[in-house]
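Open the model in your viewer and keep the sequence panel at hand. The tour goes stop by stop.

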Amino acid sequence: MSPGAWPRPRVVVSACLGFAAVRYSGELIPDKVVAALKEHVDFVPVCPEVEIGLGVPRPVVRLVRGEEGPRMVQPKTGEDLTERMRAFSQRFLQGLGEVEGFLLKNRSPSCALKDAKRYAHAEGGGVVGKGPGLFAQAVEEAFPLLPKEDEGRLTNPRIRAHFFTRIFALARLRRVEDLPGLMAFHARYKLLLLAYNQKEARALGRLLAGARGRPFPEVHGAYEEGFLRATERPWRLGAMADALLHAFGHFKKALAPREKAHFLDLLADFREERLPLEAPLALLASWARRFAEPYVEAQALLEPYPRALMHIPGA
């Protein structure tokens, strides 16, 4: 794979988000982020409620507090759908194959990652809490480290960038076939990893340093797990500023004093959240091309996912 080529992540998505009119109300929900991703991602649409035999449209289902966890019930029919949903979720996820992430419908009793309402009684009784839907809970148990987001949170540019960064990095990582390729991947992501988690980044470096002689699948598996842990939480401003400063160091001798001062001013504004990350990144990218600095130019820090996804109008 050439350095500039982007692999297509495979992502499970709630089918109602622009794929099929399967909402309980019979609606299809257009989503600008999903629409933009279609050119770059191989989606696996699923509607768990339809898959367990519920029609479209259908009476609502809700999660009700139970002694051993929430139960999924349909108040109009009085039917308890919990075991059907659990059985489907287990069967679907076991047969899914390799995926790089999940993009699910928020507030759904099946798909919500965190914000499905839980009621005291099937007929109502007031909301007593929120949590994952039954399908999403099974996803978390089966794939605890994989990227997962709901479409509501992806309206936040920073959360969206974090999700995109992880799914495209993972897709690239899973296409690495040997130890030299893995070392090249690590070199490409070095500055980005430092912006996310310096401790985990160094641990990954030590893993590769001691990898010779070990079976490659074992090394690759350990690296993938470490990479997902390192990028589990979004980068912090201070750590990202340090990574940008590290990249800047490659140009210090070639730049005029005014250029250096300009970059440091941009960096200070970024640290204080007066400027977006794109401002210092654009300057670093231009210098990498101007001075033919291959190490910086190849860094995933400058382009962590396809350029076309960096600005989604209306998202």
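Is K105 buried or exposed? K105 is buried, with a relative accessible area of 7% (buried means under 20%, exposed over 50%, partly exposed in between, with a 1.4 Å probe and protein chains only).

Before moving on, some ground rules. This is a predicted model, in which local features need pLDDT of at least 70 and side-chain atom pairs count only at pLDDT 80 or more, while totals for chains, interfaces and linings use all residues. Residues are numbered from 1 along each chain as its sequence is written, and side-chain values use heavy atoms, leaving out hydrogens and water.

**Stop 1: around K105.** Select K105 in the loop between β6 and β7 (116-121). Helices (H or I, at least four residues) and strands (E, at least two) are DSSP runs, numbered from the N terminus. Leaving aside neighbours within four places in sequence, the contacts of K105 include S14, R23, D150 and E151 (contact means heavy atoms within 4.5 Å).

**Stop 2: the sheet.** Show β2, β1, β6 and β9. In that order, these 4 strands form an open sheet with parallel pairing (two strands pair if DSSP finds at least two bridges between them). β2 (42-46) and β9 (148-150) are the edges; each has a single partner strand, so one side of each lacks a neighbour in the sheet. Now pick V12: its bridge partner in β6 is F102. Strands β1 (residues 10-14) and β6 (residues 101-104) are joined by 3 bridges.

**Stop 3: a helix over the sheet.** Select α4 (residues 134-142). Helix α4 lies across β2, β6 and β9, at about 165° to β6 (axes are lines fitted to C-alpha atoms, for helices over the stretch in contact; angles run from 0 to 180 degrees between N-to-C directions).

Stop 4: Select R174 and E100. Their side chains meet in a salt bridge (2.9 Å, N to O), meaning a side-chain nitrogen of Lys or Arg within 4 Å of a carboxyl oxygen of Asp or Glu. R174 sits in the loop between α5 (157-173) and α6 (179-188), and E100 in the loop between α3 (82-94) and β6, so the pair ties together parts 74 residues apart in sequence. R174 counts as buried at 18% relative accessibility; E100 is buried at 3%.

**Stop 5: a network.** Select R71, D80, E83 and R86, which are linked by salt bridges. Within this group, D80 and R71 meet at 3.2 Å, N to O. D80 is partly exposed at 38%, and R71 is partly exposed at 28%.
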